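Please read the numbered points alongside the sequence and the model.

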Amino acid sequence: MHSRDLAQQHGFVGNTFSMPNSSDQWNRFQLSPDQRAFYRKNGYVSGIRILTDAQVETLREELTVFFDPTHPGNERWHEYHSNESGDPENTLFHALGSWRMSPGFHDILWHPAFTVPAAQLLEGPVRFWHDQLFCKPAKHGGVVAWHQDYSYWTRTRPMAHLSCWIGLDDANPSNGCLQYIPGSHRWDLLPITGLAGDMEGIRKVLTDSQWEDLQSPVAIELKKGEASFHHPLMVHGSRENRSACPRRALVLNAFRDGTLSNSNEAMLQGIPPVPRGSKMEGPFFPLLFDPTNHDLEIKART
Ligand SMILES: O=C(O)CCC(=O)C(=O)O
């Protein structure tokens, strides 16, 4: 645990990750044209390798400290819920701000396995929005209710956002893996209907045909260290973990550089506001990657 706020440092502070040193190495992180076409059609692309087993181990070790709510540096969390559902039989650990506290969770923001695909899917330079830990313990892990991320993010505009869900355990239906409704990124923006507890809270804001689509989700099975990227309107959620294995995950949220504040309130708890209409930038919203500095093809082929 770092005594200083790592948000003051942009770029690697540890040695878990490293930058490529040739354009060939950069290019290896690119999504293929088929993967990008899949994202545009379905609203997500999954099975992207982000972490080695050793990097997963480093993050798991750093994560252990975070489960103690009294750990040093805990005042830097933007949000911290040991159990967001309030029901011990359906526990969902959910916290925002880990990048400010430990080197691995900080440095992964600049990791090209994340930033290069993010630049391709955003079709431009990648700026950090915020991180999230979503962890479900073995046997009594709770749900994440169906939702669209942008329902929570209208304080930033225009909508040019992207989420990257990174597994720290193998994830499958039995331990409550992420589930998507393919094509729901073309639905209108839905209101907030709750994140923990009631999986089907969204029912009251859906049309009958959307409700029917919700009955055919796709389970995103991933190996530890693999990721899935999704669109800000993608309807997603995950079910209980009744298995003998935990299901721990880190989510990195980003937007295209140039995104503006749409609120005079603090964007995240504990940091200064960005005045409405001003560009989202500054120490808490670093520019992570500018593809124009690299020979990467980022514009979509239609
Ligand atoms: O980890 C989960 O089950 C849900 C994650 C989520 O809501 C997200 O990636 O936006």
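1. Strand 1 (residues 44-49) and strand 10 run antiparallel and are joined by five bridges. Within this pair, tyrosine 44 stands opposite histidine 230 of strand 10. Two strands are said to pair if DSSP finds at least two bridges between them. Helices (H or I, at least four residues) and strands (E, at least two) are DSSP runs, numbered from the N terminus.

2. The model is a predicted one, in which local features need pLDDT of at least 70 and side-chain atom pairs count only at pLDDT 80 or more, while totals for chains, interfaces and linings use all residues. Residues are numbered from 1 along each chain as its sequence is written.

3. The protein chain contains six helices and 14 strands. Its radius of gyration is 18 Å, close to the 19 Å that the globule rule gives for 302 residues, so the chain is as compact as a globular protein of that length. The radius is taken over C-alpha atoms, and the globule rule is 2.2 Å times the number of residues to the power 0.38. Along its principal axes, the C-alpha trace spans about 50 × 45 × 40 Å.

4. Of the 302 residues in the protein chain, 44% are buried. A residue is buried if 20 or more other C-beta atoms lie within 10 Å of its own, exposed if 12 or fewer, and partly exposed in between, with C-beta atoms placed from the backbone. Among contacts in the chain between residues at least 6 apart in sequence, 81% join residues at least 24 apart; a contact requires the two C-beta atoms, placed from the backbone, to lie within 7 Å.

5. How many of the residues of strand 10 (residues 226-230) are buried? Five of the five are, so strand 10 is largely enclosed by the rest of the structure. Glu226, Ser228 and His230 point one way from the strand, and Ala227 and Phe229 point the other way. Strand 10 also pairs with strand 7 in the antiparallel sense, over four bridges, and there alanine 227 stands opposite isoleucine 166.

6. Nine of its 10 residues are buried, so strand 12 is largely enclosed by the rest of the structure.

7. Serine 163 lies in strand 7, and its bridge partner in strand 12 is asparagine 253. With 22 C-beta neighbours inside 10 Å, serine 163 counts as buried. Leaving aside neighbours within four places in sequence, serine 163 is in contact with Asp149, Phe229, His230, Val251 and Asn253. Serine 163 and leucine 252 are 89 residues apart in sequence, yet 5.8 Å apart in space, C-alpha to C-alpha.

8. Four strands form an open sheet in the order 5-11-8-9, with antiparallel pairing. Strand 5 (144-147) and strand 9 (218-219) are the edge strands, each pairing on one side only. Two bridges join strand 8 (residues 178-180) to strand 9, and glutamine 179 has alanine 219 as its bridge partner.

9. Helix 5 (residues 112-122) has 11 of its 11 residues buried, so helix 5 is largely enclosed by the rest of the structure. Glutamate 123 follows helix 5 and has a positive phi, near 55°.

10. Is glutamine 8 buried or exposed? Glutamine 8 is exposed, with 9 other C-beta atoms within 10 Å, and lies in the segment before helix 1 (23-27). Glutamine 8 and arginine 100 are 92 residues apart in sequence and 8.4 Å apart in space, C-alpha to C-alpha.
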